[in-house]
Amino acid sequence: MGKQQEAAAKKTGPSRRDSDSPRIGVYVCHCGLNIDGSLDCEEVARYASSLGGVVLAKDSLYTCSDSGQEVIKNDIREQGLNRVVVASCTPRLHEPTFRAACAEAGLNPYLFEMANIREHCSWVHLHDRAAATEKAKDLVKMAVERVKLLEPQVETEVPILRKALVVGGGVAGIQSALDLADSGYQVYLVEKYASIGGRMAQIDKTFPTMDCSICILAPKMSEVGRHPNIELMTLSEVESVEGYIGSFQVRVRKRPRYVKSECTYCGDCTKDCPQHLPNEFDCGLSTRKAVYSPFAQAVPATYLIDMNSCLNKHGIIACHNCYLACRHKCIDFSQKEELLDLEVGTIIVCTGSDVYDPTPLTELGYRRFQNVITSLEFERLINAGGPTKGHLIRPSDKQRPRSVAFLQCIGSRSKRSNPFCSNICCMNTIKDALLIREHWPDTEIYVFYMDIRAFGKGFEDLHQRARREGVIFIRGIPGEIIEDRLTGNLKVIGENTLLSKLYQYEMDLVILSVGIEPSKDSAVVKRLLSLPSMSDGFFMEAHPKLRPVDTPVGGIFLAGCAEGPKDIKDSVTQASAAASRANILMSKGKVTVEAITSRINPERCTGCGLCAKVCPYGAIQIDKETRIATVVEAACAGCGTCSPECNFGAISMRHYSDRQILAQIDALAEKDAGRKVLAFCCNWCSYAGADFAGVSRIQYPTELRIVRTMCSGRVDPRFIEHAFRKGIAAVLVSGCHIGDCHYINANQQTEKRVQKLWKKMTRLGVDTERLRLAWISAAEGLKFSQEVAAMKAITDRVTEEEIRRGVEAFSRKEKPS
Amino acid sequence: MKKAVLFNEELLYECYQCGRCTGSCPAAIVVEGFNPRNLLLKCLRLGVDSAISDESLWCCTTCGVCEDRCPQMIDVVDLLVMIMNEAARKGHIPEKVRLSTEMVIKTGRVVLMSKRIEQIREKLGLKPLPPVPVAEVEGILEETGLTGLIG
């Protein structure tokens, strides 16, 4: 450890002051009125200047501005600061900015600390200026005490493999793969189904230009098929993912096609197949054989056998009609499932969307009434490649419908289905209405809506065109559809809300404009890649405005409907953006990772191996001869789960050492400890959840003080005991949901440790409710505030006597650390 | 007297005014002007008092179809019952409702028993109806405050 630090000190020049007695500069940011509006920044700065080690404390309007940063840099140079604290927004936003400023002025960036007085203070305590100011003082003090103990660190560089994995072969996946392949990288495109193309391949025309969907998609699909840099894997699914940014080890399970790649796509095999099955591509409106091609333009252009419905599925050849029919002898029943191991540097997730199934909305009669269909089924019916060759007929009597009703917001904007707006259905309906109008101008078309959202370029023009061409828009979604059993016609009953009058229309065909939802497989991908998602199931971006295609996990990007409902243009835009983001990483070829890894003191290590057992990455190895543990730094992700496991104090975490965390606890316990709540929040989920509560301005009690760790696995029970010893009323340990841990499964250790501590508290006669464990995701700001409110209720209940009992119980048991 | 919270008014904000409630209402089909969606909008924008004088309000049979189909799961029936309660408190009780309430207070039944009804029951082989404990019913109505409201 010593050597590397020395090297670091030499490298950064003037920072040899690092180890001298602390000369701390504190900068309190007003953030306009964002902070100063609900707490007194000047007062906080005055308070900071009274703290030991602080040589200067300033408040400024915008510390993150160029001039704000200049002030810090000048003070480092001129006042000889060797530690810097900025009290402003969340470190998840501006820590890199200020670290860079420190580094420019010659201070090691790891000697900088932030106090989050915006998301965790001013925004969540808008109406109690005095308490918010007190809390901000506490947060600054905690940061000052921590910064005194920080040590300079040197970041390590990780190489990035120049290969990418694209998961999902819809239009977003296709675009991402092509962009990356054209930039010269090797791309693996993994698609679950037999052909790429996704939803766009099923659609007839696209809005607002009315282009033929497959005509513009097919050339891109075949380009993917023949691109030398793209390895296309269809019928394949990602089985497991290990590793980290720059070097992911991916295992792909590839199901057999039972047709060799030499297939000429002649179609002879399919003629004699005795099995008839619903054609999924046509939404079940037509049939296919067991040996089939998904659709005419499929890529790869080879037939396949659906072994689940083939007569030979039990491994006994009961029928070989296809084998006999194939002149090129491409049928191969002996093909086996394969497991392929890939190594890639970046991953783009394009898992797309599913359409909402309106069966549960029984009043609409979908699946009960033949002439009630969904918008996707309609796309197949009006598509020239579809079951009716593009002739619009209704299912009951195969006649052309003379009147058609579109029902909007089916499965969207509703607590009964999905609460969000599906983005595409309004324009899709307008486009469909115009298509019917174009082919059969005498058709009466009614659109029942609650809002028409035509927000995009050219959308409103199309909307107006539909109105002018006689499509009738009625505000008010029908409450009920009744079928006339004899004619199959549908009576649509509802209220025209603009006229406050009830209507009844007899319609030949009703089309439910169904919304979209995250694909069912996205839950699997979420688990495999440890990606966080929003409450609606779509993946969460690293930042909703400024990093919209990045995930919080380094090296993994999002594109298309996996991130949220969007149309084709937005999917393609995002796909190119994601490819470009991946390209930046891969063209650099390396990335620096934060210097937060664990270190083992060989003098204290006894080689017991407990740490190696809990390491989620297998990064700790025990030397067989010396019986001493060592950390493989490249593999260590820095969760810190190993450290609490060590009974000998041999493991220290860089930048999150025991001393640094205990100093924060001491600082917050100095005043009114008996009324305060200490929360340990993991950087990836619960700290971000607390930030989200702040951004959403969800108000919660002011008693909370947050200590950030990278993972909840870092939370040593000794920290919690220390807090109780210091008389803190209640402690919250929070982390990612089980299964969502950013460090694979480190939070399972957290759970075990907290349970163990609860048992110990019971034994010592301490109220176990004073320690609470909560799993809070980055999207659960509301849940975070509810947890804080629950903690506040506990602190209100905890008596002085109870606190004293905790202090005594844990003082007796104190262990040398 | 204690006022029970019959409807969570926060729910009013979640209404999209899609019209499914009125569109599926069996009462709205037969009663011109009865419109649960419109009553909800009035409560949200103008306050409950703006809805209490509308007599069509009392056409709600509390069948619950509106609630069943509401995409936002708003308790429309609870809302209407809340408005009816408020209307009654402020003296907006339609004459027909007042008469039948009086009937309940006096006889314990909404529909008065007559010789003719008794004869029909006998013809159909139904047992004669048991007598209603009028005093008890009256006590309950007194206690709940209904007697005072229509008095």
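Student: Which residue stands opposite Ser247(A)?

Tutor: In this predicted model, Tyr244(A) stands opposite Ser247(A), which belongs to β12(A).

Student: And how many bridges join β11(A) to β12(A)?

Tutor: Eight bridges join β11(A) to β12(A), the strand of residues 247-254, and the two run antiparallel.

Student: What sheet do they sit in, and in which order do the strands come?

Tutor: They belong to an open sheet of three strands in chain A, ordered β11-β12-β17, with antiparallel pairing. The strands at the edges are β11 (236-244) and β17 (338-344) of chain A, and because each has a single partner strand, one side of each is left without a neighbour in the sheet. On average, neighbouring strands of this sheet are turned by 20° against each other, direction ignored.

Student: Switching to Arg402(A), where does it lie?

Tutor: Arg402(A) is in the loop of chain A that runs between α11 (375-382) and β21 (403-410).

Student: Why is it called partly exposed?

Tutor: Arg402(A) has 14 other C-beta atoms within 10 Å, so it counts as partly exposed, since a buried residue would need 20 or more and an exposed one 12 or fewer.

Student: What does Arg402(A) touch, leaving out residues up to four places away in sequence?

Tutor: Arg402(A) touches Thr443(A), Glu444(A) and Asp508(A). The C-alpha atoms of Arg402(A) and Thr443(A) are separated by 4.8 Å, although the two residues are 41 residues apart along the chain.

How values were computed:
Residues are numbered from 1 along each chain as its sequence is written. Chains are lettered from A and ligands numbered from 1 in the order in which they are written. This is a predicted model: local features need pLDDT of at least 70, side-chain atom pairs count only at pLDDT 80 or more; totals for chains, interfaces and linings use all residues. Helices (H or I, at least four residues) and strands (E, at least two) are DSSP runs, numbered from the N terminus. Two residues are in contact if their C-beta atoms, placed from the backbone, lie within 7 Å. Two strands pair if DSSP finds at least two bridges between them. Axes are lines fitted to C-alpha atoms, for helices over the stretch in contact, and angles run from 0 to 180 degrees between N-to-C directions.
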